[in-house]
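Biologist: I would like a close look at a single part of this protein, followed through in one connected account. Please take it slowly and tell me what surrounds the part in question.

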Amino acid sequence: MIQVDVFRLHEDAVVPSYGTSLSTCFDLGFYPSKSDPVVNGYDRHNLKVERYISGDGVYVNPGDRLLVPTGLIFKIRDKRNSIESFADITTEREELQQFSIRLHARSGMALKRGLVLANAEGVVDVDYQQQVYILLHNISDMVQLIPVGERIAQGEVVTNEKVHFIEVNDIPSQHSERNGGFGSTGTT
């Protein structure tokens, strides 16, 4: 079983939960620190901005890309094996490399409000143990309010497969009839 330890940076932050019993992803909300009333990011002109958190929440202007805090730090643990010796620590590290948390936009926010993840999918590596931020991008033409506590993204623990890169001297030969990319197989 995979366990995700959750550390709340302040008491208002909410531990993630699943929306339904069969949901694949868990929900993450906007939980800023009361001592830091600013959300940082960039505007549509690629200039650094600070958006101040009011009593309502934070306003995201059209084109903004903001690092929206969750107030949470995660640590993934593989509970299938227990650590009994120093040698087991190396084994555990290798096993933990198999996991990461993937962050996705919430479909309703993307459709109805134009709030998506700026990088399409966020990746929280297993060795990242700092606050998780959601990189939100307002692709709409309207200012969007994100109230404190609103669910702003969803996440899932995924299994990763490490690969070995081997440099070769000959250009790889084709192994199908494909000839190109970017629509080369048709657009309809």
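Leaving aside its neighbours within four places in sequence, which residues is Thr24 in contact with?

Modeller: This is a predicted model, and in it Thr24 is in contact with Tyr18, Gly155 and Glu156, once its neighbours within four places in sequence are left aside. Thr24 itself lies in the loop between β2 (17–18) and β3 (26–29), and it counts as exposed because its relative accessibility is 58%, where the cut-off for exposed is over 50%. Gln154 is 130 residues away from Thr24 along the chain, yet the C-alpha atoms of the two are separated by 9.3 Å.

Strand β14, which covers residues 151–159, pairs with strand β9, residues 99–105, in the antiparallel sense over 7 bridges, and one of the pairings joins Ser100 to Val158 as its bridge partner in β14.

The side chain of Gln131 makes a polar contact with the side chain of Tyr133 at 3.0 Å, and a polar atom of the Gln131 side chain lies 2.7 Å from the backbone nitrogen of Gly71.

Terms used:
Residues are numbered from 1 along each chain as its sequence is written. This is a predicted model: local features need pLDDT of at least 70, side-chain atom pairs count only at pLDDT 80 or more; totals for chains, interfaces and linings use all residues. Side-chain values use heavy atoms; hydrogens and water are left out. Helices (H or I, at least four residues) and strands (E, at least two) are DSSP runs, numbered from the N terminus. Buried means under 20% relative accessible area, exposed over 50%, partly exposed in between (1.4 Å probe, protein chains only). Contact means heavy atoms within 4.5 Å. Two strands pair if DSSP finds at least two bridges between them. A polar contact is a pair of N or O atoms within 3.5 Å; within protein, one must be able to donate a hydrogen and the other to accept it, and residues adjacent in sequence count only if both atoms are side-chain atoms.
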